[in-house]
Amino acid sequence: MAMKFETDNHAWAERVFGDCQLGDERRGKRLVDLATLHAGDPEASTAAMCHGNKAAQEGAYRLLRSDRFETADIDEGAYLAAAEAAQGLRLVLAIQDTTAVSFKHATAQVL
């Protein structure tokens, strides 16, 4: 049985993050909404992926700044969704990107 590739951003976000326990149902919905936007434009900044929707942008920033839950609460939901998706599969490839980024550079000399 092959794993189905999800093409609907909201359905994907709901499956992966919909069961995250962030202490308030509204935070969970906001996380799903943010993940949906991010899936649609993964390289965009938070402001850019909200496409001018100031309410979505402010909600995203409030969620990201919140101290009412731990990032591990988001991780746990995503881990459980991945484990559920792998149930019944004979083979699962767990690919890890070990890319490193370095911002070291030579400094220009002022003449």
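Q: Hi, quick one to start: is Cys50 buried or exposed?
A: Cys50 counts as buried, at 4% relative accessibility. Buried means under 20% relative accessible area, exposed means over 50%, and partly exposed is in between, using a 1.4 Å probe and protein chains only.

Q: Before I go on, what kind of model is this?
A: This is a predicted model, where local features need pLDDT of at least 70, side-chain atom pairs count only at pLDDT 80 or more, and totals for chains, interfaces and linings use all residues. Residues are numbered from 1 along each chain as its sequence is written, and side-chain values use heavy atoms, with hydrogens and water left out.

Q: OK. And Cys20, buried or exposed?
A: Cys20 counts as buried, with 7% relative accessibility.

Q: How many disulfides are there?
A: A search of the whole structure turns up 0 disulfides. A disulfide here is a pair of cysteine sulfur atoms within 2.5 Å.

Q: Switching topic: how many salt bridges does the structure hold?
A: There are 3 salt bridges. The term means a side-chain nitrogen of Lys or Arg within 4 Å of a carboxyl oxygen of Asp or Glu.

Q: Which residue does Lys29 meet in a salt bridge?
A: Lys29 meets Asp33, at 3.0 Å from N to O. They sit 4 residues apart in helix α2, so about one helical turn separates them. Helices (H or I, at least four residues) are DSSP runs numbered from the N terminus. Lys29 is exposed, at 53%, while Asp33 is partly exposed, at 27%.

Q: What about Asp24, which side chain does it meet?
A: The side chain of Asp24 forms a salt bridge with Arg26, at 2.7 Å from N to O. Asp24 is partly exposed, at 22%, and Arg26 is exposed, at 65%.

Q: And Glu58, which residue is its salt-bridge partner?
A: Glu58 pairs with Arg65, their closest N and O atoms being 3.4 Å apart. Glu58 is partly exposed, at 38%, whereas Arg65 is exposed, at 56%.

Q: Now Arg27. Where does it lie?
A: Arg27 lies in helix α2, which covers residues 25-40. Arg27 is buried yet has no salt bridge.

Q: So which side chain of opposite charge is nearest to Arg27?
A: That is Asp24, 4.8 Å away. For charge, Lys and Arg count as positive and Asp and Glu as negative, with His and the chain ends not counted.

Q: What does the side chain of Arg27 reach, then?
A: The Arg27 side chain reaches the backbone oxygen of Leu22 at 2.7 Å.

Note on methods: Helices (H or I, at least four residues) and strands (E, at least two) are DSSP runs, numbered from the N terminus. A polar contact is a pair of N or O atoms within 3.5 Å; within protein, one must be able to donate a hydrogen and the other to accept it, and residues adjacent in sequence count only if both atoms are side-chain atoms.
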